[in-house]
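Let's take a walk through a protein model, starting with its overall layout and ending with its charged pairs. Have the sequence and the 3D view at hand as you read.

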Amino acid sequence: MTEITDKKKLPAVVERFILHWGDMGDEWGVNRSVSQIHGLLYLAEAPMTAEDIAETLGMARSNVSNSIKELLAWNLIRRVPILGDRRDHFEAETDIWEVAARIAAGRKEREIDPAVDALRACVSDAADDPTISPVAAKRLKEMLAFTELVDRWYTQMLNVPRPRLVALIKLGEKIVSFLPAGKTSRAEGQSRSV
């Protein structure tokens, strides 16, 4: 048994957020405990020790320790020294834009970068392999082009100042009206027919 049954009472809204944040993390492939601890620290008014976290969430101390290591690796929390207390205290980054940027950077590093490398190797190897069909070679090139496009877009978005990025996001579909008209994509045609 790794969970502890006694836990501190949280306000219902805070508990609901922590549970939901854990569910969302689980959907994104992040351990539920890691996400719940991040949610707790995000809403916490003051830095917390691992013991405080374990007691508040009813988790085993070992689970909390491993989750803290992962959150530190993602750069979503940091150690905070507290005068007169030798224990480690932790707090979350609370700037939600910074949180989103760090999560995106971590996902890019763990998912997009290796995908680009693997696809480049596949396209290169396919060019030298006479047993690869033209259809397979073409599809590999298309997937590489798409993945590199996403990678370039992400890099460009990092350089957009936050106020301009917010304005860009708020514009949403209005931006499409500024783009040159062309062939309607299948997705656009389906959304228009609905």
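First, some ground rules. This is a predicted model, so to speak of local features a pLDDT of at least 70 is needed, side-chain atom pairs count only at pLDDT 80 or more, and totals for chains, interfaces and linings use all residues. Residues are numbered from 1 along each chain as its sequence is written, and side-chain values use heavy atoms, with hydrogens and water left out.

Let's begin with the fold. The protein has eight helices and three strands; these are DSSP runs numbered from the N terminus, with helices being H or I of at least four residues and strands being E of at least two. Reading along the sequence gives the pattern α-α-β-α-α-β-β-α-α-α-α. Of the 194 residues, 27% are buried. Here buried means under 20% relative accessible area, exposed means over 50%, and partly exposed is in between, with a 1.4 Å probe and protein chains only.

Now for the empty spaces. Rolling a probe the size of a water molecule over the atoms shows where empty space is left. The search runs on a 1 Å grid over the protein atoms alone: a cavity is a set of points where a 1.4 Å probe fits but cannot get out, while a pocket is an open set with protein on both sides within 12 Å along at least five of seven lines, and lining residues have an atom within 4 Å of a point. Grid points are joined across faces, edges and corners, and a volume is the space filled by probe spheres set on the points.

How many cavities of 30 Å³ or more does a search of the whole structure find? The count is one, and the volume of the largest cavity is about 170 Å³. Its lining includes Trp21, Trp28, His38, Trp74 and Arg107. Helices α1 (12-27), α2 (32-43) and α5 each supply at least two residues of that lining, and α2 gives the most, with three. By type, the lining of the largest cavity splits into eight nonpolar residues, three polar and one charged.

The largest pocket holds about 430 Å³ of space. Its lining has 14 residues, with Trp97, Ala101, Met157, Leu158 and Leu165 nearest the centre. Of these lining residues, 13 are nonpolar, none is polar and one is charged. Helices α5, α6 (134-158) and α7 (162-171) each bring at least two residues to the lining of this pocket.

Tryptophan 97 sits in helix α5, which covers residues 96-127, and counts as partly exposed because its relative accessibility is 32%.

Side chains of opposite charge can pair when their charged atoms come close. The structure holds 15 salt bridges, each one a side-chain nitrogen of Lys or Arg within 4 Å of a carboxyl oxygen of Asp or Glu.

Take aspartate 95 and arginine 162, whose closest N and O atoms are 2.8 Å apart in a salt bridge. Aspartate 95 lies in the loop between β3 (85-92) and α5, and arginine 162 in helix α7, so the pair ties together parts 67 residues apart in sequence. Aspartate 95 is partly exposed at 26% relative accessibility, and arginine 162 is partly exposed too, at 35%.

Another salt bridge joins arginine 102 and glutamate 98 at 3.0 Å, N to O. Both lie in helix α5, four residues apart, or about one turn of the helix. Arginine 102 counts as buried at 18% relative accessibility, whereas glutamate 98 is partly exposed at 28%.

Finally, the side chains of lysine 108 and aspartate 113 meet in a salt bridge of 2.5 Å, N to O. Elsewhere, salt bridges that share partners join Arg78, Glu91, Glu93, Glu98 and Arg102 into one network.

Key
Ala, Val, Leu, Ile, Met, Phe, Trp, Tyr, Cys and Pro count as nonpolar, Asp, Glu, Lys and Arg as charged, and the others, Gly among them, as polar.
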